[in-house]
Amino acid sequence: MAIQWFPGHMNVTKKAIAERIKDIDVVIELLDARLPGSSANPMLAEMTGHRRRLKVLNKQDMADIARTEAWLAYYNALPDTKAIGLDASEPRPAQRLLQACRELAPHRSGMTKPLRLMICGVPNVGKSTLMNTLAGRKAAKTGDEAGVTRIEQRINLADDVYLFDTPGMLWPKIIVEKSGYHLAASGAVGRNAYDEEEVALELLNSLKDPYADRLAARFKLADADNISQRHDEELLEEIGRRRGAVMSGGRVNMQKASEVVLNDFRDLSLGRITLETPEEFTTWLAAAQAIEAERQAKKLARQKKRKGGANAAATEPQPLDEDTEDGDTDDTGEADQADNPPGRE
């Protein structure tokens, strides 16, 4: 089941960004270095248009070094874009951010033309921690759950540099199914929006090929040489047994096993991991866009069909028979209901 999470406060954030973006020179998008493609907000890309962008791969100390380099190269190859890696706990990140932003907007400097920046990112990506580091004080509330920050704030990085913070925001429809699971695994999605067992199984699916040795070592799994060939459910069940998540009758508590897998990924117990490469994410995105385009085309065809039926009914002469009952000329019809049953677009 695809994961979606776009609570009401995120729609408020969307409107605030749309209003603020008019005066912004550089958009800083904080990405999770463990999922740099999935944590890039496509709605933000649409809203910011052709403005210069700085992609910051945050939590790089938790990510695979080689894959981080591949993602930095990928984003640095995009027009009007720079990308840097960052650990939000670094003592002096402001200098790196300032340098990168000034390179993107060299025409903005001095009090008459101050450099105006806006920082955005998905929930729980480490933005509040970074803002506190930049401000040199606890300016933003931090937490390990999505949706902690709810208000916009501004700090001065220099006399002529203003940085506007925004609450974490996802997008209304996550079309790449893998992205939804990766975001949930990272903690960017509210806990009430997903099933932990499903997310843990998808996480194991993403880990068992590139990081089979990590899984075998951490959970002391049997048949370590063939982990990539094993079913996700089988792996999760064995992890549960190895960690003592066993109920009466010898059954594995899959909920507890799922919590073990997710927690070990989030707290770095599995080591430095990146769940996707640029090539993988590009393939997922292209496939999802093709499916979405087909779905939209079918939706448009249904709308045209309904509109055509309504027009035909409107021009058809009405019967004069006195036995005609109200509602006989209703243009919805059973055929249309079958074509668009409840629950579909």
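I looked up the buried residues of H5 and found Lys-127, Ser-128, Leu-130, Met-131, Asn-132 and Leu-134; buried means under 20% relative accessible area with a 1.4 Å probe, protein chains only. These buried residues pack against strands E1 (26-32), E3 (81-86), E4 (115-121), E5 (153-158) and E6 (161-165), and against H4, where contact means heavy atoms within 4.5 Å. Helices (H or I, at least four residues) and strands (E, at least two) are DSSP runs, numbered from the N terminus. Just after H5, I noted Gly-136 with a positive phi of about 75°.

My notes on the source: this is a predicted model, where local features need pLDDT of at least 70, side-chain atom pairs count only at pLDDT 80 or more, and totals for chains, interfaces and linings use all residues. Residues are numbered from 1 along each chain as its sequence is written, and side-chain values use heavy atoms, leaving out hydrogens and water.

**Entry two: two helices crossing.** At what angle do the axes of H4 and H5 cross? I found roughly 95° for H4 (residues 93-104) and H5 (residues 127-135), with the axes coming within 9 Å; axes are lines fitted to C-alpha atoms, for helices over the stretch in contact, and angles run from 0 to 180 degrees between N-to-C directions. That makes H4 roughly perpendicular to H5, a term for angles of 65 to 115 degrees. Pro-93, Ala-94 and Leu-97 of H4 meet Leu-130, Thr-133 and Leu-134 of H5.

Conventions: Parallel < 35°, antiparallel > 145°, perpendicular 65-115°, else oblique. Buried < 20%, exposed > 50% of the residue type's maximum accessible area, 1.4 Å probe, protein only.
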